[in-house]
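This briefing covers a loop residue, a pocket and some totals for the chain.

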Amino acid sequence: MAGMGSWLAVALCAAMLAAAPADAAPSQSATVKANVVKPLVLTWVQDLSLGTIALKPGSWSNATVSISRTGVFTCANPNVTCSGAVTVARYRVVGSNNQAVRISAPNVTLVNQSDSSKQLTLTVDRPATITMPNSGQQGVVLSLGGSINLSSTTADGVYAGTFNVTVDY
């Protein structure tokens, strides 16, 4: 009978273990989100023009002529005279409402159209970002300005270059 008691004790322990609930595995939940935005579309609207710049005689340097992205034209150096129509460059950006859009537009090399060895650098004035005010084809118009530095040795001629504008979310 003594053997039967130990067998009974073992059977009781096994039954109790089998009846005990298993420890529940820990669980947590997380929120899942996806922000879907429309592709950005960048369209040219208007070219930048600094008008006509007449150089005065003598030996001088660092005459800056500029137009800000807000359209403020500056030609204040006494060694240059400016005339003609001036305009900022404009692009239309279309995308998703309330999204911040980064603007990239490096400086532009302007090449003299009569002598390609003669160049000027247009230092671009651009916003770093814009926020889309709507989601339709209306989009938002982005303006770019810039400045050039002239000297008495700047060759005459028409200087032209191309903006390399990139927009992304």
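**Briefing: loop residue, pocket and chain**

N134 sits in the loop that runs between β10 (129-131) and β11 (140-150). The model is predicted.

**N134**
- The relative accessible area of N134 is 14%, and N134 therefore counts as buried, the cut-off being under 20%.
- A polar atom of the N134 side chain lies 3.1 Å from the backbone oxygen of G139.

**Largest pocket**
- The largest pocket is lined by 28 residues, and L50, L110, V158, Y159 and A160 are the closest to its centre.
- By type, the lining of the largest pocket holds 18 nonpolar, eight polar and two charged residues.
- Strands that each supply at least two residues of this lining are β1 (41-46), β2 (52-55), β6 (89-94), β8 (108-112), β9 (119-125), β11 and β12 (159-160).
- With three residues, β2 gives the most to the lining.

**Chain**
- Among the 169 residues of the chain, 27% count as buried.
- Of the contacts between residues at least 6 apart in sequence, 74% join residues at least 24 apart.
- The chain has an accessible surface of about 11,000 Å², and 55% of this belongs to carbon and sulfur atoms.

Terms used: Residues are numbered from 1 along each chain as its sequence is written. This is a predicted model: local features need pLDDT of at least 70, side-chain atom pairs count only at pLDDT 80 or more; totals for chains, interfaces and linings use all residues. Side-chain values use heavy atoms; hydrogens and water are left out. Helices (H or I, at least four residues) and strands (E, at least two) are DSSP runs, numbered from the N terminus. Buried means under 20% relative accessible area, exposed over 50%, partly exposed in between (1.4 Å probe, protein chains only). A polar contact is a pair of N or O atoms within 3.5 Å; within protein, one must be able to donate a hydrogen and the other to accept it, and residues adjacent in sequence count only if both atoms are side-chain atoms. On a 1 Å grid over the protein atoms alone, a cavity is a set of points where a 1.4 Å probe fits but cannot get out, and a pocket is an open set with protein on both sides within 12 Å along at least five of seven lines; lining residues have an atom within 4 Å of a point. Ala, Val, Leu, Ile, Met, Phe, Trp, Tyr, Cys and Pro count as nonpolar, Asp, Glu, Lys and Arg as charged, and the others, Gly among them, as polar. Contact means heavy atoms within 4.5 Å. Accessible areas come from the Shrake-Rupley method with a 1.4 Å probe; for residues, only the protein chains shown count as cover.
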